[in-house]
Amino acid sequence: MNSQKSMSTRAWVELFLLAIIWSGSFLAAAFVLREVGVVTVVAHRVFWAALILWIFVLARGYAVPRGLGIWGAFFVMGLLNNVIPFSLMVWGQKFIESGLVSILNSATAIFGVLVAAIVFADERLTLRKILGVFIGFVGVASTIGLENLLSFDPRSMAQLAVVLGTVFYALGSSWARKTMSHLPSEVAAAGMLTGSSLVMVPAAFAFDGIPSVNLSLTTFAALGFYAVFATALAYLLYYRVLKMAGSGNLTLVTLVIPPIAILLGAVLLGERLGPNAFFGFSLVALGLIVLDGRLFRILLDLIRRG
């Protein structure tokens, strides 16, 4: 992991706010899926978020990229970070609980370390990272259930689809570092979501037909939260916290999201997760703590002082 900055009170508040918003995205998807098809759900999410972010970009006076190369990079980023993982996770949520999706989503940081180690020379694996990745993988396997890894029923396939989505998130993160690090983060996010929209909007018409407006108020509210708050505004908040707290501290949001999502799912959807889900999450959380590394530094400091 990168070295951590100190966390101000404001950074902590905004990090927890981001965790609450992203936790709510799983709940919102569960409500929307009751009336809207998977592809259309994702199309709504990326299209409206892209529109909002471009308004923000233009209001801030940022230049709109014009080269074909960068727009090609946006398109690839949209596939890796939005189109494929969003679709896999929304499809998976048709068969498994929103809280379980949030737990499996925590594997993003685990795969991110592996992909970065393969792609970047300055992200090589250390013994601590290998240990953290191993613990995280055991946690993911425990969450799914070892007996389910060889099963092909819808529930097992849904869990594997969500995990595969985290692999694409990890690929997207490395792709962004290689191709978009020179751009303002808001421009990169807007371009990525535009590339995603170019895929998902036509796909929605092809697979689900003309989007219906005959939806319940609950579905409209959930769609609005999913696209506006959990995507457009969440990206803006994400980059604010990143600048204030650094990437190392920002990984803490991965640990905060599942407990909130599990609580929301239990209270508002009546979901109940099995013991293996909580045991698996505890291992994933331990793996993330090991990857983070600061606990080891604290222990070393205590040993030195002792």
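This is a predicted model: local features need pLDDT of at least 70, side-chain atom pairs count only at pLDDT 80 or more; totals for chains, interfaces and linings use all residues.
1. **Helix α5.** This helix runs over residues 107-119 and has 13 residues. From first C-alpha to last it reaches 18 Å, close to the 18 Å expected at 1.5 Å a residue. Its buried residues are A107, A109, I110, F111, V113, V115 and A116.

2. **Helix α7, start.** Look at D153 here. One of its side-chain oxygens reaches to within 3.2 Å of the backbone nitrogen of R155. S156 also has its place in α7. This serine counts as buried because its relative accessibility is 1%, under the 20% cut-off. Leaving aside residues up to four places away in sequence, S156 touches N148 and S151.

3. **Salt bridge within α1.** The structure holds six salt bridges. One of them joins the side chains of R10 and E14, at 3.2 Å from N to O. Both residues lie in helix α1 (residues 9-32). They are four residues apart, about one turn of the helix. An α-helix has 3.6 residues a turn, so residues three or four places apart point the same way.

4. **R177 and D122.** These two residues form a salt bridge, with the closest N and O atoms 2.7 Å apart. The pair links distant parts of the chain, 55 residues apart. R177 is in helix α7, and D122 is in the loop between α5 and α6. R177 counts as partly exposed, at 35% relative accessibility. D122 is exposed, with a relative accessible area of 55%.

5. **R177 and E123.** R177 also forms a salt bridge with E123, where the closest N and O atoms are 3.4 Å apart. Again the link is between distant parts of the chain: E123 sits in the loop between α5 and α6, 54 residues from R177. E123 counts as buried because its relative accessibility is 16%, under the 20% cut-off. Which residues make up the network built from salt bridges that share partners? They are D122, E123, K129 and R177.

Notes
Residues are numbered from 1 along each chain as its sequence is written. Side-chain values use heavy atoms; hydrogens and water are left out. Helices (H or I, at least four residues) and strands (E, at least two) are DSSP runs, numbered from the N terminus. The expected span of a helix is 1.5 Å times one less than its number of residues. Buried means under 20% relative accessible area, exposed over 50%, partly exposed in between (1.4 Å probe, protein chains only). Contact means heavy atoms within 4.5 Å. A polar contact is a pair of N or O atoms within 3.5 Å; within protein, one must be able to donate a hydrogen and the other to accept it, and residues adjacent in sequence count only if both atoms are side-chain atoms. A salt bridge is a side-chain nitrogen of Lys or Arg within 4 Å of a carboxyl oxygen of Asp or Glu.
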